[in-house]
Amino acid sequence: LVSLTSKLKSFLYGSFRRVIEALNTEMSYPCFFLEIPEKSFSNGLSDAYRGYNIGFAIIEEANLDEYDKQDTLINNTLEHYAEQVTRKVLVDFDMEEKLNEVNFEPITGGLHDNVFGWRVTINTSFADPICHDENFWDV
């Protein structure tokens, strides 16, 4: 996704801890950070629905005294980026009909004193039973 737009300058993938470790060393801003997805199953094994919680964040730096920049990032620029990435993911990966919920959460300095942006979570589910794999078992 990052290679499809000049608006996002870097990409990271991993756990929340990875973001914290990378804040001062590896990022060019604005940064797109894709979290490791969470997976769940419901409705038994043969009629299972596989669910994924997919999370990503788009973050940018702003000094603590740059209130106008912070407001612009949260209320305009990065909110628009987050909406565009969400739409691209849902449409390009054909997830619209599998969608349960999308949540947008502002990041207002909580990650780090000078980082602002949006965290988006996408909850999906689709029919996908867990099949028995004879080749997995030695007996």
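1. Leaving aside neighbours within four places in sequence, which residues is Ile 122 in contact with? They are Tyr 52, Asn 53, Ile 54, Phe 56, Thr 86, Val 89, Leu 90, Met 95, Leu 99, Glu 101 and Val 102. Contact here means heavy atoms within 4.5 Å.

2. A word on what you are looking at. This is a predicted model, in which local features need pLDDT of at least 70 and side-chain atom pairs count only at pLDDT 80 or more, while totals for chains, interfaces and linings use all residues. Residues are numbered from 1 along each chain as its sequence is written, and side-chain values use heavy atoms, with hydrogens and water left out.

3. Next, confidence. The chain has an average pLDDT (the predictor's confidence in each residue, from 0 to 100) of 84, and 93% of the residues score at least 70. Helix α1 (residues 16-22) has the lowest confidence, with a mean of 75, whereas strand β2 (residues 31-35) has the highest, at 90. Helices (H or I, at least four residues) and strands (E, at least two) are DSSP runs, numbered from the N terminus.

4. Buried means under 20% relative accessible area, exposed over 50%, and partly exposed in between (1.4 Å probe, protein chains only).

5. Do look at the rings too: the structure holds five aromatic pairs. Rings of Phe, Tyr and Trp (its six-membered ring) pair if their centres lie within 6.5 Å; planes under 30 degrees apart count as stacked, over 60 as edge-to-face and the rest as tilted. Tyr 52 and Phe 126 are stacked, 6.0 Å centre to centre with 15° between the planes. Tyr 52 lies in strand β4 and Phe 126 in strand β6, so this pair ties together parts 74 residues apart in sequence.

6. Phe 104 and Trp 118 form an edge-to-face pair, at 6.4 Å centre to centre and 70° between the planes. Trp 118 is buried, with a relative accessible area of 10%, while Phe 104 is partly exposed at 33%.

7. Finally, ring pairs link Phe 11, Phe 32 and Phe 56 into a cluster.
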